[in-house]
Amino acid sequence: MPNRLADISHDRTAVFLDVDGTLLNIAERPEGVVVPEDLPRTLDRLREACGGALALVTGREIATVDGFFAPLRLAVAGVHGAEIRLADGRDVGLPPHPHLAEVTARLQSFVERNEGLILEKKGRAVAIHFRQVPELCQAVENVAREALSLADDGLELQLGKMVVELRPARADKGAAIDIFMETEPFRGREPLFIGDDWTDESAFQAVNARGGRSIRVGRDIRPTEAKENLPDADAVREWLARMAGQV
Ligand SMILES: O=P(O)(O)OC[C@H]1O[C@H](O[C@H]2O[C@H](CO)[C@@H](O)[C@H](O)[C@H]2O)[C@H](O)[C@@H](O)[C@@H]1O
């Protein structure tokens with residue numbers, strides 16, 4: 001896959017961007033990420049150049065993303081598509097799963113018994129991070145699968161980079177992109193999505209199905225639906241800055 005990406009046509013493209021590992025370098029802990037100073041400006045300029053058709057599609061909560069890029073408030077699909085804020089500000093996300101509190105309590109007690117694990121509560125989903133204790137990977141997945149039985153099929157397992165999450169079964173990033181593409185100012189444009197993780201595969205499929213561009217970040221050899229590649233988040237930011245007319 002070539003590393004030099006073709007430019008976009010600003011008046012025809014809808015830009016969708018993952019956050020962790022794509023816009024931001026991976027950090028040791030979820031709250032440890034560093035937002036480069038000029039990134040909000042790049043995103044804002046690119047959004048303007050594309051007639052407003054730019055959205056973030058992330059596993060993070062929308063409130064967290066708003067904090068990262070403040071004062072910018074972009075269109076965002078948060079929590080893998082369980083939360084959606086459209087470009088006009090309307091919220092069309094899913095309600096929280098009724099058994100999420102129970103599931104979270106089960107995971108919390110496991111995390112409290114295993115030093116190094118981090119529990120991340122995300123309103124409509126819950127995650128256990130094991131980056132500090134990678135040897136617990138399988139144990140974490142096992143306890144998450146067991147906790148799923150409390151949720152009557154309403155939640156699904158989402159594997160990610162050193163993380164296991166339980167998210168609403170009806171939410172995925174591909175479905176979120178389909179929702180954006182039925183609304184202004186995305187409608188009628190060619191979607192482009194950049195992502196780096198397993199949760200991004202449904203988004204790659206969604207943009208491919210619409211004849212758009214799917215770009216995977218990273219050098220790993222895991223199979224992917226993406227058709228283009230960038231080596232790392234630095235290269236993503238550099239390319240976006242160029243597309244925003246800043247370099
Ligand atoms: O869909 P994304 O925007 O890529 O979000 C995926 C998850 O990202 C965060 O976790 C990951 O990044 C952390 C910070 O770099 C890292 O410490 C962790 O190991 C990664 O899994 C976030 O905390 C999750 O909620 C997102 O779902």
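Before the first click, a word on labels: helices and strands here are DSSP runs numbered from the N terminus, a helix needing at least four residues and a strand at least two. With that in hand, find the loop between β1 (13-17) and α1 (39-49), and pick out Val19 in it. Keep in mind throughout that this is a predicted model.

**Stop one: Val19.** Is Val19 buried or exposed? Count the other C-beta atoms within 10 Å and you get 23; 20 or more makes a residue buried, so Val19 is buried. Now show its contacts, leaving out residues up to four places away in sequence: Val19 touches Leu24, Leu56, Thr58, Arg60 and Val65. Then draw a C-alpha to C-alpha distance from Val19 to Val57: it reads 7.2 Å, for a pair 38 residues apart in sequence.

**Stop two: the ligand.** Select the shell around the ligand, which holds 25 residues. Val19 turns up again here, listed among the closest together with Asp20, Pro30, Thr58 and Gly59. The elements giving two or more residues to this shell are β6 (126-129) and β8 (163-168). Colour the shell by residue class and you'll see 11 charged, 8 nonpolar and 6 polar residues.

Next, colour by domain: domain 1 is 13-94 + 171-243, and domain 2 is 100-168. Why does the ligand lie between them? Both domains give residues to its shell, so that is where it sits.

Zoom in on Val15: not counting residues up to four places away in sequence, Val15 touches Leu46, Cys50, Ala53, Leu54 and Leu192.

**Last stop: zoom out.** Show the whole cartoon and you have 7 helices and 11 strands. The radius of gyration is 18 Å, close to the 18 Å that the globule rule gives for 247 residues, so the protein is as compact as a globular protein of that length. Along its principal axes, the C-alpha trace spans about 50 × 35 × 35 Å. Colour by burial, and buried residues come to 43% of the 247. Finally, put up the contacts between residues at least 6 apart in sequence: 58% of them join residues at least 24 apart.

Methods. Residues numbered from 1 in each chain as written. Predicted model: local features only at pLDDT ≥ 70, side-chain atom pairs only at ≥ 80, totals over all residues. Near = placed C-beta within 6 Å. Nonpolar A, V, L, I, M, F, W, Y, C, P; charged D, E, K, R; others polar. Domains from an automatic or database assignment. Buried ≥ 20, exposed ≤ 12 C-beta atoms within 10 Å, placed from the backbone. Contact = placed C-beta atoms within 7 Å. Rg over C-alpha atoms; globule rule 2.2 N^0.38 Å.
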